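Dear colleague,

Please find below the structure I promised to hand over, together with its sequence. My notes on the findings follow it.

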Amino acid sequence: MTQIPEDAIKCLDKGFVRLVDSMGGDDAIVQAARVSYGKGTSKVSQDRGLIRYLMRHRHSTPFEMVEFKFHCKMPIFVARQWVRHRTANINEYSLRYSEARDEFYYPDPDHIEFQSALNKQGRGGEVPAELKQKVQDYFKEISERSFAIYSELNEAGVARELARSILPVNLYTEWYWKNDLHNLLHFIGLRSDSHAQYEIRVFSDAMAESVKAVAPFAWEAYQDYVVKGMRFSRVEQSLLERTLPDRVIDDINEDVAYQLTATLHHNKPREDADLYPLYQKQGGSDSEADFKLKWDSGEIEIGNVRELREFKEKLLSLK
Ligand SMILES: Cc1cc2nc3c(=O)[nH]c(=O)nc-3n(C[C@H](O)[C@H](O)[C@H](O)COP(=O)(O)OP(=O)(O)OC[C@H]3O[C@@H](n4cnc5c(N)ncnc54)[C@H](O)[C@@H]3O)c2cc1C
């Protein structure tokens with residue numbers, strides 16, 4: 001089986017993720033999207049804005065134009081979880097054709113924990129050193145014993161496709177795994193999440209490094225709108241509608257009006273005299289004197305006009 005290549009990210013004790021090839025990047029997303037939205041200009045800031053818009057509105061097909069092909073080596077029990085992601089193209093090392101190698105996953109003591117009392121699918125709680133040692137010993141014992149039997153059966157000429165089934169699921173396997181960016185982000189969203197099993201999270205985090213390098217704007221947008229974004233259910237919204245005082249919404253709206261003014265001014269600079277009317281047009285209601293004070297404070301952040309207007313609409317719907 002393949003040893004860890006130089007350009008790979010090592011995962012667990014003997015595994016790795018290596019980006020073999022990729023097709024396209026942020027530019028491919030923009031190129032595809034412009035078929036739907038027209039050519040426009042292609043300044044870098046506009047490309048970023050377009051990618052953020054697509055991500056925010058779950059217009060996902062342009063993200064499918066970017067492809068990643070990875071060479072990965074992982075324990076079989078990790079592959080079992082990984083393979084549930086059905087949109088990938090996979091070609092795996094065959095134990096019908098080739099002999100298994102003596103490569104088993106032995107967990108690091110730091111990751112040997114008790115069954116979580118809170119999460120039925122998780123770990124939690126420090127295991128005493130003697131028990132950790134016992135776990136490690138058992139992993140080694142069962143791996144070595146099963147491999148010895150496997151080798152014996154192999155030498156006796158028993159079919160490899162049958163002999164392999166004596167091996168445990170901490171045996172390493174490897175594959176080529178190809179997927180598009182949209183589905184890869186979906187994979188990373190599920191498998192880099194804190195609820196995912198540690199052993200698959202390590203691989204998912206390693207693949208995330210490739211996404212960051214190949215499509216940085218898409219990665220940033222994914223973090224902002226999917227990973228760290230928040231959606232409210234109908235029940236949650238109705239609670240907010242009933243409980244949030246209007247004055248809080250008005251205060252936030254006021255901030256949005258300032259941010260909108262600053263952003264519009266940043267995108268297309270205005271004369272000083274036009275700034276206060278512009279702010280009023282964005283729904284701002286401070287007096288001109290207060291506006292000047294705040295404007296001169298230099299504290300107003302700029303954002304994205306479309307995103308700020310969408311936020312304003314959401315806020316107003318809570319009133
Ligand atoms: C923390 C965690 C715990 C889990 N626990 C369990 C468990 O206990 N038992 C278990 O069996 N699984 C479990 N899973 C696996 C999980 O149910 C999914 O099978 C897995 O995460 C793949 O998700 P997916 O189907 O969205 O991804 P993919 O297969 O990559 O599909 C991506 C998207 O494509 C679409 N799609 C793909 N194929 C189809 C199709 N045939 N029909 C309709 N739409 C399709 C869907 O929109 C899907 O979301 C767990 C996963 C996680 C992350």
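The radius of gyration is taken here over C-alpha atoms, and the rule for a globule is 2.2 Å times the number of residues to the power 0.38. By that rule a compact globule of 319 residues would come near 20 Å, but the protein has 27 Å. Its C-alpha trace spans about 90 × 45 × 35 Å along the principal axes.

Two remarks on provenance are needed. This is a predicted model, in which local features need pLDDT of at least 70 and side-chain atom pairs count only at pLDDT 80 or more, while totals for chains, interfaces and linings use all residues. Residues are numbered from 1 along each chain as its sequence is written.

Overall architecture

The protein has 13 helices and seven strands; these are DSSP runs numbered from the N terminus, with helices being H or I of at least four residues and strands E of at least two. The domain assignment gives domain 1 (9-227) and domain 2 (234-317), the bounds coming from an automatic or database assignment. The centres of the two domains, taken over C-alpha atoms, are 42 Å apart.

A residue is called buried if 20 or more other C-beta atoms lie within 10 Å of its own, exposed if 12 or fewer, and partly exposed in between, with C-beta atoms placed from the backbone. Of the 319 residues, 24% count as buried. Two residues are in contact if their C-beta atoms, placed from the backbone, lie within 7 Å. Among contacts between residues at least 6 apart in sequence, 71% join residues at least 24 apart.

Nonpolar cores

A nonpolar core is a set of buried Ala, Val, Leu, Ile, Met, Phe, Trp, Tyr and Cys residues joined through C-beta atoms within 7 Å. The largest has 48 residues, of which Ile29, Phe203 and Ala218 touch the most other members. Helix α7 (residues 198-214) gives the most to this core, namely eight residues. Leaving aside residues up to four places away in sequence, Ile29 touches Ile51, Leu54, Pro62, Phe63, Met65, Val66, Ala215 and Ala218. A second, separate core of six residues includes Ala257, Leu260, Tyr279 and Leu308.

Surroundings of the ligand

Which residues surround the ligand? They are Arg84, His85, Arg86, Thr87, Gln121, Asn183, His186, Leu190, His195 and Ala196, where a residue is near if its C-beta atom, placed from the backbone, lies within 6 Å. This shell divides into two nonpolar, six polar and two charged residues. In that count Ala, Val, Leu, Ile, Met, Phe, Trp, Tyr, Cys and Pro are nonpolar, Asp, Glu, Lys and Arg are charged, and the others, Gly among them, are polar.

Individual residues

Leu12, in the loop between β1 (9-11) and β2 (15-23), has a positive phi of about 55° although it is not a glycine. Leu12 is buried, because 22 other C-beta atoms lie within 10 Å. Arg58 also is not a glycine and has a positive phi, of about 50°; it lies in the loop between α2 (44-56) and β3 (67-75). Arg58 is exposed, because 9 other C-beta atoms lie within 10 Å.

Glu241 belongs to helix α9 (residues 234-243) and is exposed, with 12 other C-beta atoms within 10 Å. Its C-alpha atom is separated by 62 Å from that of Glu161, 80 residues away along the chain. Helix α12 (residues 288-297) lies largely in the open, because zero of its 10 residues are buried. Gly298 follows α12 and has a positive phi, near 75°.

With kind regards
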